Amino acid sequence: MGSNPIARSISSFLVNGSPGGVILKTLSLLFFLAIPSLAGCHYYEEYRVMKTKADLQAEQAELMKAYRLCLSKYQDEPPKAKEICSPYTQTLREIEVRRQSSR
């Protein structure tokens, strides 16, 4: 019967390798793998901020387009235009407030 491969590798480690050397090599490998990933975290955060700003600008542009379309549709009836198009102005104000507060 064959022996357990895990037990074989542990016994081989105990016979051939020193625990301190293996631990040191493992820690140094983890250190060199972790350093580049930490730098990547900074760039990912920067990317997320830039993407959020771009998304807000795109949302604002779409709302402005819809608002102008609404105004042109009801240009002959200003009171009705004010009533129907008011959600656009409110949302645009909220976006502007969010932008000002994030600065």
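This is a guided tour of a predicted model, going from the whole chain to selected residues.

Before selecting anything, note that residues are numbered from 1 along each chain as its sequence is written. Because the model is predicted, local features need pLDDT of at least 70 and side-chain atom pairs count only at pLDDT 80 or more, while totals for chains, interfaces and linings use all residues, and side-chain values use heavy atoms, with hydrogens and water left out.

**The whole chain**

Start with the cartoon of the protein, which shows three helices and zero strands, in the order α-α-α along the sequence; helices (H or I, at least four residues) and strands (E, at least two) are DSSP runs, numbered from the N terminus. Switching to a surface, you are looking at an accessible area of about 8900 Å², of which 64% belongs to carbon and sulfur atoms, as computed by the Shrake-Rupley method with a 1.4 Å probe, where for residues only the protein chains shown count as cover. Of the 103 residues, 8% count as buried, a label that means under 20% relative accessible area, with exposed meaning over 50% and partly exposed in between (1.4 Å probe, protein chains only).

**Helix H3**

Next select residues 78-102, which make up helix H3, whose 25 residues reach 34 Å from the first C-alpha to the last, close to the 36 Å expected at 1.5 Å a residue; the expected span is 1.5 Å times one less than the number of residues. Look then at Cys85, where H3 has a kink of about 50 degrees, shortly before the proline Pro87, the bend at a residue being the angle between axes fitted to the seven residues ending there and the seven starting there.

**The disulfide**

The torsion about the S-S bond is about -95 degrees, so the disulfide is left-handed. Cys70 is buried at a relative accessible area of 9%, and Cys85 is buried at 1%.

**Gln60 in helix H2**

Now move to Gln60 in helix H2, which is buried with a relative accessible area of 18%. Leaving aside residues up to four places away in sequence, Gln60 touches Leu92, Ile95, Glu96 and Arg99, where contact means heavy atoms within 4.5 Å.

**The salt bridge**

Finish with Lys51 and Asp55, whose side chains meet in a salt bridge (3.4 Å, N to O), defined as a side-chain nitrogen of Lys or Arg within 4 Å of a carboxyl oxygen of Asp or Glu. The two residues are four apart in helix H2 (residues 19-73), and therefore separated by about one helical turn. Asp55 is partly exposed at 40% relative accessibility, and Lys51 is partly exposed at 39%.

Note on methods
A disulfide is a pair of cysteine sulfur atoms within 2.5 Å.
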